[in-house]
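Have the sequence and the 3D view open as you read.

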Amino acid sequence: MSVSHVPSPAGLPVFPELNGLTEIPHFMVAEWTPAEWVRQGVFHVLIVLSAAPEDGGTGPGQETLNALRQRRAQSEVCASQKKKKGFDPHVAMLPDGVLVSWVWLAGASRNFERHTRLRQALQPLLEEKPTHLAVWFSGQESSSEREEILYTLTLNGRSLPSAQRAAWGGVKAWFLLGSPPSPDLSARPVSLALANTLTRALTVLPPNRLTPANYREFLRQWAREERWDWEEYEVERLQTLGAGAFLAVAQGSAEADAAIVHLTWSHPQAAHRVALVGKGICFDTGGLNLKPARYMQGMHGDMNGSAVVLGLMQAIARLQLPLVVDAWLAIAQNSVGPRAYRQNEIVTTLEGTTLEVVHTDAEGRMVLADTLTLAARQKPDLIVDFATLTGSMHTALGSRYSGLFTTSAVLARLAEEAGKSSGERVWVFPQDEDYDEALESSVADIKQCTLEGEADHILAARFLSRFTAQLPWVHMDLSASLHPEGLGAVATEVTGFGVRWGVEFLDKWIKNPL
């Protein structure tokens, strides 16, 4: 089995650990019998059943599976587990030393459930860090199920950047056995998975590697290799333009290396223009309102929104969606220093609104305000922004969903439908105008936030809406960017949430533009 090769940018001197990360995985169709697996050097096999084990069926290792079921049935612990609904992973070692995991998608009505089952079945195999892994297909899977299997395989077969000496290098070859999918099914799920992998790989880079300066250089290199248009609004240019909100955050850093990066890709038959905006805070100390250690841990990932935009743009380009796409990435750090911005300062945004600074840890909405203004000036048909923006969204939803705000019921419906079809679930929140009362200021046009923290995710959305020029707009607060045991199809804590949702959403929006 093969798919058309899309080369990964070769030679990324800034982040060499990302070289090859988005190359097409090596899928090979094989006709081996179970007796040949060991001779071929394959000791890890995922078997996709057409039905749950209790409903019967045949396949490799069936005797072992039957024995496993009998042993479980005799165990009092497992007997109580039988009462639970849902997927129960079945994993066993065959007599020849091959570790097998069985998975079935029957009864999983939504992609999130399918993804979760596939991830849970793959995890025991991947924990042994195999270089080769086989997948046996029953031949009874639907086309959509086969696409989701290929998506999950590709997503979890790549290792993310690591400084460990003995880091796993990922699955080098996948062997597809039984009745494997046809090659024409692979392009979309593989492209989606590789785009998510790019997002996660950038997000896990440590803050001494992913500095704003290094990030900007990487984006320049990536744009050149992908043949995207690229430009930067560096500090001096932003000072000339009067982007006071962005610069207030950036000025706390010792190096003047912050910038708003603008990338553009165009499909030759594009009928619509979309602006994607991403928060790219490479490290967030909280500023002078310093975060405690517990909440500063992991703040190198506060650039995740920008990484989602980059992954989404890559997926759009490789899938050739008929769009003109402008990506606007707000790259900076929120640092502590003698020039760091302070509470009670008043700054003027690029759009001209004066802001009263209330809390320096609400820096995300500051950098996004000016970035949204730049994006809106091009009058796109739609703006979509992604940001790890508020703790209150995490309080509201936890880390299994991300929260959304939209400017119309149509966009809300498309967003929710995309959440269901992508397996990246979202919840649409209200943003009624009377919430603005909390942001009224006696000394400026508007407060940046409040100290009470009540409904801060809604207040942040109301704040950002002022800088969208009343254009159609979707704001995603990425509360699901991290989930400890993995989420849906993704086995790593960093989820890449938003990439696949974004492709599904834009696919639907193209057919229902406002």
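What follows is a walk through sheets, helices, cores and a few single residues.

## Before we start

This is a predicted model, in which local features need pLDDT of at least 70 and side-chain atom pairs count only at pLDDT 80 or more, while totals for chains, interfaces and linings use all residues. Residues are numbered from 1 along each chain as its sequence is written, and side-chain values use heavy atoms, with hydrogens and water left out.

A word on labels: helices (H or I, at least four residues) and strands (E, at least two) are DSSP runs, numbered from the N terminus.

## The six-stranded sheet

Let's begin with an open sheet of six strands, ordered S1-S6-S5-S2-S4-S3 and mixed in its pairing. Two strands pair if DSSP finds at least two bridges between them. At the edges you'll find S1 (27-29) and S3 (90-93), each with a single partner strand, so one side of each has no neighbour in the sheet. On average, neighbouring strands here are turned by 25° against each other, direction ignored. Axes are lines fitted to C-alpha atoms, for helices over the stretch in contact, and angles run from 0 to 180 degrees between N-to-C directions.

Now for some of the pairings. S2 (residues 44-49) and S4 (residues 99-104) run parallel over six bridges, and valine 48 has valine 103 in S4 as its bridge partner. Helix H1 (residues 62-74) packs on the sheet, touching S2, S3 and S4, and its direction makes about 115° with that of S3. Contact, by the way, means heavy atoms within 4.5 Å.

## Strand S6 and its partners

S1 and S6 are parallel and joined by three bridges; one of these links methionine 28 to phenylalanine 175 in S6.

How many residues of strand S6 (residues 173-178) are buried? Five of the six are, so the strand is largely enclosed by the rest of the structure. Buried means under 20% relative accessible area, exposed over 50%, and partly exposed in between (1.4 Å probe, protein chains only).

## Two nonpolar cores

A nonpolar core is a set of buried Ala, Val, Leu, Ile, Met, Phe, Trp, Tyr and Cys residues joined through side-chain atoms within 4.5 Å. The largest one has 70 residues, and Leu18, Leu202, Tyr215, Phe218, Leu263, Trp501 and Phe505 touch the most other members. Helix H10 (residues 304-319) gives the most to this core, with ten residues. Apart from it lies another core of 46 residues, with Trp32, Leu118, Val171 and Val190 among them.

## Where H13 meets H15

The axes of H13 (residues 409-422) and H15 (residues 499-511) come within 8 Å and cross at roughly 130°. The two helices are therefore oblique to each other. (Angles under 35 degrees count as roughly parallel, over 145 as roughly antiparallel, 65 to 115 as roughly perpendicular and the rest as oblique.) On the H13 side, residues including Leu411, Leu414 and Ala418 take part in the meeting, and on the H15 side the residues include Trp501, Phe505 and Trp509.

## The enclosed helix H14

Ten of the ten residues of H14 are buried, so this helix is largely enclosed by the rest of the structure. Its buried residues pack against S12 (354-356), H11 (363-377), H12 (391-397), S14 (402-406), S16 (446-447) and S17.

S11, S12 and S16 form an open sheet of three strands, in the order S11-S12-S16 and with mixed pairing. S11 and S12 run antiparallel, joined by three bridges, and isoleucine 346 has glutamate 356 in S12 as its bridge partner.

Threonine 349 is found in the loop between S11 and S12. Is threonine 349 buried or exposed? This threonine is buried, with a relative accessible area of 2%. Leaving aside residues up to four places away in sequence, threonine 349 touches Gly242, Gly244, Ala245, Leu355, Asp370 and Phe467.

## Two loop residues with positive phi

Lysine 129, in the loop between H3 (111-126) and S5, has a phi near 55°, a positive value in a residue other than glycine. Lysine 129 is partly exposed, at 46% relative accessible area.

Glutamine 470 also has a positive phi, of about 60°, although it is not a glycine. You'll find glutamine 470 in the loop between H14 (456-465) and S17 (473-477), where it is exposed, with a relative accessible area of 81%.
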